[in-house]
Amino acid sequence: MRRLICAFALTLLATAPALSAERPAGLKEAEDVAKKALGVDCLMRDPEETPVVADGTEDAAGHTVYTFKYRPSWYTADQPDAEATLYKLLCSIGAYNLQFAFVIKTQDDETPRLLSFASPDLGLDYADDEQTKLKSPPRITGYKATSILVNARFDLATRTITSRGLWRGIGDAWDHGRWEFRDDSFVLTRYEVNPTFDGFDNEKTDEGIVVLDLAEKPKP
């Protein structure tokens with residue numbers, strides 16, 4: 001396992017773009033916000049070792065900075081669009097999962113703020129000790145908030161964050177979440193899970209179980 005982790009990390013670093021000569025404005029402040037709030041859950045690498053992409057291009061092995069405009073629901077017709085800067089920060093690299101934190105700064109924020117993401121807490125009734133089958137579909141027993149998303153991506157065009165967490169390396173058990181930007185935060189709109197450890201790569205061959213799917217709210 002240790003060898004696999006090292007190989008995975010080295011592959012990411014080898015394919016990463018060159019480090020930015022100048023780090024984007026506000027990035028250090030965003031990093032400090034995340035590290036202070038999350039502690040050991042978001043240690044990050046040294047800034048000199050972390051690639052930074054500031055043009056919205058996705059960089060799996062480092063930080064990515066996005067800037068976009070939006071219209072809060074409380075704005076009047078004569079107000080110009082608001083602007084936000086979103087920092088996607090790489091917290092840690094594992095064998096098959098990358099962990100990210102997101103920090104945002106809107107023009108109404110005095111300082112950057114760490115984002116939290118709602119996700120369902122699931123009740124799972126397995127039919128066997130190996131957890132290869134379920135007795136009944138997963139049920140939502142409540143909701144929790146997290147500031148760490150796994151294998152996360154941000155779609156600038158739709159202003160949507162998605163996560164893709166693998167429960168083990170072969171990918172037969174996993175969860176997918178989707179959060180849409182509304183006003184000045186991200187709202188959970190879809191959550192799908194495949195909780196069975198049946199030895200198949202269900203992410204590619206089988207559909208998961210959708211436990212939450214909310215209609216998209218039209219963007220202004």
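Author: Buried here means under 20% relative accessible area. The model is predicted.

Reader: Fine. Is Phe-117 buried or exposed?

Author: Phe-117 has 0% relative accessibility, so it counts as buried.

Reader: And Phe-186, buried or exposed?

Author: Buried as well, because its relative accessibility is 7%.

Reader: What is the geometry between the rings of Phe-117 and Phe-186?

Author: Their centres are 6.2 Å apart and the planes meet at 45°, so the pair is tilted. Phe-117 sits in strand E6 and Phe-186 in strand E12, 69 residues apart, and the pair thus links distant parts of the chain.

Reader: How many aromatic pairs does the structure hold?

Author: There are 12. Another tilted one joins Trp-167 and Phe-197, at 6.0 Å centre to centre and 45° between the planes. Trp-167 is partly exposed, with a relative accessible area of 31%.

Reader: Which residues touch the most other members in the largest nonpolar core?

Author: Leu-86, Phe-102, Phe-117, Phe-154, Ile-161 and Phe-186, out of 26 residues in that core. Strands E2, E3, E4, E11, E12 and E13 each give two or more residues to it.

Reader: What does Ile-161 touch?

Author: Leaving out residues up to four places away in sequence, its contacts include Leu-86, Phe-102, Phe-117, Phe-154 and Phe-186, and also Arg-153 and Arg-178.

Reader: What about a second core?

Author: A separate one has 14 residues, among them Cys-42, Met-44, Val-52 and Leu-89.

Reader: Changing topic, which ring does Lys-88 lie over?

Author: Lys-88 is over the face of Phe-100, 4.3 Å from the ring centre.

Notes: Residues are numbered from 1 along each chain as its sequence is written. This is a predicted model: local features need pLDDT of at least 70, side-chain atom pairs count only at pLDDT 80 or more; totals for chains, interfaces and linings use all residues. Side-chain values use heavy atoms; hydrogens and water are left out. A nonpolar core is a set of buried Ala, Val, Leu, Ile, Met, Phe, Trp, Tyr and Cys residues joined through side-chain atoms within 4.5 Å. Buried means under 20% relative accessible area, exposed over 50%, partly exposed in between (1.4 Å probe, protein chains only). Helices (H or I, at least four residues) and strands (E, at least two) are DSSP runs, numbered from the N terminus. Contact means heavy atoms within 4.5 Å. Rings of Phe, Tyr and Trp (its six-membered ring) pair if their centres lie within 6.5 Å; planes under 30 degrees apart count as stacked, over 60 as edge-to-face and the rest as tilted. A charge sits over a ring if NZ of Lys or CZ of Arg is within 6 Å of the ring centre and within 35 degrees of the ring normal.
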